[in-house]
Amino acid sequence: MLEKPKISVIGVGYVGLCTAVGFASKGYTVISSDVDAEKVAKIKEGIPPFHEPSLPEMLKQTIENGNLKCLVNHTEKAVLETDITYIAVGTPSKPNGSIDLQFIETVSNDIGKALSQKRNYHVVVVKSTVVPGTVQNTVKPNLEKQSEKRCGEDFGLCVNPEFLRQGSAFYDTFNADRVVIGSFDQKSGDAIEALYKEFYYPKLPPIIRTSLATAELIKYANNAMLATKISFINTIANICEKIPGADVKTVAKAMGLDKRIGPLFLDAGLGYGGSCFPKDVKALIACSKAFGYASELLESVENLNHTQPLKAVEFCKQQLGNLSGKNIAILGLAFKPDTDDMREARVVPIINQLLLEGATIIAYDPVAMNMAKSIFQDKIQYASSAIRCIKNTDAAILVTEWEEFKKLAPEDFLKNMRQPILIDGRRIYDPEIYSKKLNFTAIGFGK
Ligand code: UGA
């Protein structure tokens, strides 16, 4: 059997770390590098720097058995000692919505410098989400300039977007729906295809081979489609609320049974958050504008996502009138369950607006409390359990659909709240049951 290629991963956020641990767990030698020394120190101890189910056990194991190494800001060493380098650094948004390529620039220059010292063929794979044209126009020139070598001859270049979901990122690493490989040259595409054939064996997902730009666009199209599905069902939810007896949950269930639509990503709620959908939709809007096409559809998807969370505040005002001096409980802070991530979490505009209206906020989340404290500091109060959170409050808003909150019965709200006003922002409670016992409002439920 041929020797397994050695792999380096630059950037150990969600994507980089899951990729690195994924390969290391299957016996590959992996060297990762990140500029954040604190993050690296944690990884070296076998502790993931973020909450991700199933990752801690495998990280510990791969660090202990030596398959995975993690260096502080040492791209050059990582590249020199391996055959394939994954770029998995962040691509944040600039204020105008376009993507900020500063980390991609730095890393591709550093990799280029290392390539100048390499004798054997090396493949560079861009896993970071980058707008179409970035790899051809930024990564390739940087690699060629710094290495004084030619792409497609001395080294290869691919784009391999990831489709990992936070909260199930490690599971997704081993269970991909498909693998997309965009390549500059045939040889590097073949090398990455061979790598994945071995990695996924015997359960190989479909492999799509394509150009660099198409691979870059697939990632954006995928996320934009999912975001569109969410804003679409939220639009239907908003319509349902105006129609007595209409319920978006049942509409979505029936729609989802149509094979052409499918049941997933049709959960109406307070909008989408996280580090991906908001940023990627904005970046695709900005990128297509730069190419001369203004996408009205994507702009509407984004606009609706801005107004949707504020509906929770509207509902509160409908029930309580003036919010000044009212105690409001917030159940859930993370942008979705099973993560402590609060980037673009819909709870942030909700809390900010409630504070502006003079309300007092008490919040609880099973894992995102520290994250919330770093954002809101002492502007809000923090509870140590869901029951403590709702105690003596005038209204409760369910923002994140954690399993723990699904267990709360109407009696819990009745017994503990000053006024039993419950706003279900994620449709986890049965309106038939809850509206009989509480003053209950739910997204997409026409009373
Ligand atoms: C998303 C994609 O699902 C991944 O495939 C992709 O790899 C990732 O972005 C990325 O680009 O890195 P993620 O941000 O982890 O993954 O979260 P999702 O599970 O997709 O949820 C995003 C947001 O949509 C959450 O705020 C969630 O509450 C919301 N959502 C999701 C809804 O409001 N309704 C739904 O039906 C589904």
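Me: How much space lies in the largest cavity?

Reply: This is a predicted model, in which local features need pLDDT of at least 70, side-chain atom pairs count only at pLDDT 80 or more, and totals for chains, interfaces and linings use all residues. Residues are numbered from 1 along each chain as its sequence is written, and side-chain values use heavy atoms, with hydrogens and water left out. On a 1 Å grid over the protein atoms alone, a cavity is a set of points where a 1.4 Å probe fits but cannot get out, and lining residues have an atom within 4 Å of a point. Grid points are joined across faces, edges and corners, and a volume is the space filled by probe spheres set on the points, which for the largest cavity comes to about 60 Å³.

Me: Which element gives the most to the lining of the largest cavity?

Reply: The lining consists of Y272, P278, K282, E302, N305, H306, E344 and R346. Helices (H or I, at least four residues) and strands (E, at least two) are DSSP runs, numbered from the N terminus, and the elements that give two or more residues to this lining are α11 (277-290) and α12 (296-307). With 3 residues, the element that gives the most is α12.

Me: Is N223 buried or exposed?

Reply: N223 has its place in helix α9, residues 212-242. Contact means heavy atoms within 4.5 Å, and, leaving aside neighbours within four places in sequence, N223 is in contact with C276, F277 and D280. Buried means under 20% relative accessible area, exposed over 50%, and partly exposed in between, with a 1.4 Å probe and protein chains only. Because its relative accessibility is 7%, N223 counts as buried.

Me: How much space lies in the second largest pocket?

Reply: A pocket is an open set of grid points with protein on both sides within 12 Å along at least five of seven lines. The second largest pocket is lined by 50 residues, of which G13, Y14, K39, G90 and R343 lie nearest its centre. The space in this pocket is about 1,300 Å³.

Me: What radius of gyration does the protein chain have?

Reply: The C-alpha atoms of the chain fill a box of roughly 70 × 45 × 40 Å along the principal axes, and buried residues make up 55% of the 447 residues. The radius of gyration is taken over C-alpha atoms, and the globule rule is 2.2 Å times the number of residues to the power 0.38. For 447 residues a compact globule would have a radius near 22 Å, which agrees with the value for the protein chain, 24 Å.
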